[in-house]
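Take a walk along this chain. We start with its loops and then turn to its charges.

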Amino acid sequence: MSWTREDLHRLIKTKLADRLFIVVSNREPYIHISSGDEIQCVVPVSGLTVALDPVMRACGGVWVAHGSGTADRRVVDDKNRVMVPPDEPSYSLRRIWLTREEEDGYYLGFSNEALWPLCHLAYAPPIFYEADWNTYKKVNQLFADAVLDEIGDRQAFVFIQDYHLALLSRLIKAQNPQVTTAQFWHIPWANPEVFRICPWGEELVDGLLGNDLLGFHIGYHCDNFLNTVNLLMEARIDYERSAVIHDGKTTLVRPFPISVDFDQISQDAASENIKREMERIRHTWKLDDKIVGVSVDRVDYTKGIPNRLLALDKFLAKYPEYQRRVVLLQLAEPSRTHIRKYKELNLEIDDLVEEINWKYQSGDWKPIIYIREHCSPPGILAFYRLAHFCIVSSLHDGMNLVTKEFISSRVDEDGVLILSRFTGAARELTEALFINPYATDDFAETIRKAIEMPKRQRQARMRKLRHTVEQNNIYKWAGNVISELTNLGL
Ligand code: F6P
């Protein structure tokens, strides 16, 4: 039996009893934007928020996040709160406002120009500016103030998300030591040799050790973290229990591979709406007699988008019989576009798409359809369902939830997943076809294998993949985090 929303709800009620449940992240799960006189509510493309929203729907409580939408301020009450989701209000979203300078230094600067490249092995050098670090500390304090205000004099369990808020647990506990905190780090943790170049590494690690429980996607990242503590700090490491004892306080370090709401995605993907959307896409892009590949990414240099385009180029050159027959639909969500590295990546991708299409196009066929826009979740499901194969070619990725969304959507038990070995997902999804995104010839060969794989084999693999994701869904993930904490007697 797989975990359900109700199971998680029951667990929370028994284990957390009257404690307030608070999730904190930089990215908010719902963004309100102005569109003429109207206000639209959109769901951001973010693995983190897609994963945590069903958990909050099940648990209720408060989600504290940066209010980044143009109409966010127009819909909140005097405590900066709004109930979400709009169609089924189940929990409260407390928004934090940042000035442009704060967003620059904390989000674009320290989080995404320093920590992001530091933790991902994608050969982008981190940029460490002291001013950004100071803003990062200041903004972590703003988040702490909002969380403490939500807690008041209640008992609370605070579940902190990601690398934007490494100092948060310490700052909360400095004011209210009774609060229990867990933090989940959604990206990889670098090995100590890589991490030690961060000028404020010790303070960051010390901040994370304010937590009672610290989670990573896979055991390898936990080991990297423990070894980093060993290198940088005066702390005792209990490798047996996978725990750090520092200043008389214990932090448990555990792997929790994150997932998605398998049942909900399967149900949505089977709906009449999605079938209609599939027809529309087929018709718009003239896909009726085509072999369709799909990729869905934020435009980020860790995702290996150029590598994938080069592999497709190689494949079409080596197997010309597939020209005019294969189409790669690349859905690309613009992301962090104010950062230079991301601007450069956008230009590089535009060039490659143009060159490859120019090389092969014939009549009204071209091999790459590049769709650079925000695509709503139902729209994405229709793309997944149309795909003969889905490519995830990250150079390095904590987990990668596109893999699990693709699998959950395949209620027809068909479709091949081509997956980078350098994702956390590769540890679980063993029925995928694995690639090294840097090895272009092998990658091209794997595209051929995916296309030529007999239907029975495709189905057998997809059945197993679906079983894995169904059994290890997002409710189990959240249940495991909460059980681990409550087992500690916290
Ligand atoms: O999963 C890593 C992550 O940084 C999440 O924290 C985030 O929500 C997602 O990628 C998208 O990035 P951003 O919030 O910067 O748009």
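Helices (H or I, at least four residues) and strands (E, at least two) are DSSP runs, numbered from the N terminus. The model is predicted: local features need pLDDT of at least 70, side-chain atom pairs count only at pLDDT 80 or more, and totals for chains, interfaces and linings use all residues. Residues are numbered from 1 along each chain as its sequence is written, and side-chain values use heavy atoms, with hydrogens and water left out.

Begin with the backbone. Most residues other than glycine have a negative phi, and most peptide bonds are trans. Ala-17 has a positive phi of about 45°. It sits in the loop between α1 (5-16) and β1 (20-24). Ser-242 also has a positive phi, near 55°. Its loop runs between β10 (236-238) and β11 (243-246). The peptide bond from Val-84 to Pro-85 is cis, with omega near -10°. Pro-85 belongs to the loop between β5 (81-84) and β6.

Next come the salt bridges. A salt bridge is a side-chain nitrogen of Lys or Arg within 4 Å of a carboxyl oxygen of Asp or Glu. The whole structure holds 36 of them. One joins the side chains of Arg-95 and Asp-72, at 3.1 Å from N to O. Arg-95 is in strand β6 (residues 91-96) and Asp-72 in helix α3 (residues 72-75), 23 residues apart.

How covered are these residues? Buried means under 20% relative accessible area, exposed over 50%, and partly exposed in between (1.4 Å probe, protein chains only). Arg-95 is buried, at 1%. Asp-72 is buried too, at 0%.

Move on to Lys-359 and Asp-313. Their side chains meet in a salt bridge of 3.0 Å, N to O. Lys-359 lies in helix α13 and Asp-313 in helix α12 (residues 305-318), so the bridge ties together parts 46 residues apart in sequence. Lys-359 counts as exposed because its relative accessibility is 52%. Asp-313 is buried, at 14%.

Lys-318 and Glu-445 also form a salt bridge, 3.0 Å from N to O. Lys-318 is in helix α12 and Glu-445 in helix α16 (residues 440-452), 127 residues apart. Elsewhere, a network of salt bridges links Lys-79, Arg-81, Arg-94, Asp-149 and Glu-150.

End on helix α13 (residues 340-360), the place of Glu-355. At 48% relative accessibility, Glu-355 is partly exposed.
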